[in-house]
Amino acid sequence: MSVPWVRLELTVRTFDSARFTPYVDRCRAEGFSFTTLARLGDAEDARRRLYELNKECSADIPERGARGRGISLAMKTLGIAFADHHAAPVIRTMHHPANTSAIAMNRTLGYVDADWHRETP
């Protein structure tokens, strides 16, 4: 049975970055740093560390203690700024309907329901 995934999109030029910059600032003040693979040097070691980070984060276990600190909002804010810098007009995302926290976060950022269709993962 197929699950009706929630499809959302954001028009990049309408994003209110000033509203969410404090999340980036707070995370940096707490010692988090944000970078890209290109800045790290697209080398085997950097790719391996990125793989391990993705592997850990994909488990998405709420009890791990990283929730509620604004890290996701900071990362999304920086990602949207990256898209804007590269003139991307729209960002699309899709979520399992049970992932209500991610859906709510994206709606807070300005994402709206979208009518586009794509195969579910």
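**Figure 1. Six salt bridges turn up in this predicted model.** Three of them get close-ups of their own here: Arg47 with Asp42, Asp45 with Arg49, and Arg107 with Asp113. For orientation, the protein has five helices and three strands, and they run β-α-α-α-α-β-α-β along the sequence. Of the 121 residues, 25% are buried. The exposed surface comes to about 8,800 Å², and carbon and sulfur atoms account for 54% of that. Look at contacts between residues at least 6 apart in sequence, and 82% of them link residues at least 24 apart.

**Figure 2. Arg47 pairs up with Asp42 in a salt bridge.** The closest N and O atoms sit 2.6 Å apart. How accessible is Arg47? Its relative accessible area is 48%, so Arg47 is classed as partly exposed. Asp42 has a value of 47% and is likewise partly exposed.

**Figure 3. Arg107 and Asp113 make another of the salt bridges.** Their side chains meet at 2.9 Å, N to O. On the Arg107 side, a relative accessible area of 38% makes the residue partly exposed. Asp113, on the other hand, is at 53% and counts as exposed.

**Figure 4. Helix H1 crosses helix H4.** Two packed helices are described by the angle and the distance between their axes. For H1 (residues 17-29) and H4 (residues 71-85), the axes come within 8 Å and cross at roughly 115°. The crossing is left-handed. Which residues do the meeting? From H1 come Phe20, Thr21, Tyr23, Val24, Cys27 and Arg28; from H4 come Ile71, Leu73, Ala74, Thr77 and Leu78. Sorted by type, the residues of this contact are eight nonpolar, two polar and one charged.

**Figure 5. Thr77 is a buried residue of helix H4.** Its relative accessible area is 5%, under the 20% cut-off, so Thr77 counts as buried. What does Thr77 touch, once neighbours within four places in sequence are set aside? The partners are Phe15, Phe20, Thr21, Val24 and Leu109.

**Figure 6. Ala87 has a positive phi without being a glycine.** The phi angle is about 60°. Where is Ala87 found? It belongs to the loop between H4 and strand S2 (90-95). Is Ala87 buried or exposed? With 63% relative accessibility, which is over the 50% cut-off, Ala87 counts as exposed.

Definitions and conventions:
Residues numbered from 1 in each chain as written. Predicted model: local features only at pLDDT ≥ 70, side-chain atom pairs only at ≥ 80, totals over all residues. Heavy atoms only, no water. Helix = DSSP H or I, 4+ residues; strand = E, 2+ residues; numbered from the N terminus. Buried < 20%, exposed > 50% of the residue type's maximum accessible area, 1.4 Å probe, protein only. Contact = heavy atoms within 4.5 Å. Areas by Shrake-Rupley, 256 points an atom, 1.4 Å probe, with all protein chains shown as cover. Axes fitted to C-alpha atoms, helices over the stretch in contact; angles between N-to-C directions. Left-handed = near helix turned anticlockwise from the far one by under 90°. Nonpolar A, V, L, I, M, F, W, Y, C, P; charged D, E, K, R; others polar. Salt bridge = Lys/Arg side-chain N within 4 Å of Asp/Glu carboxyl O.
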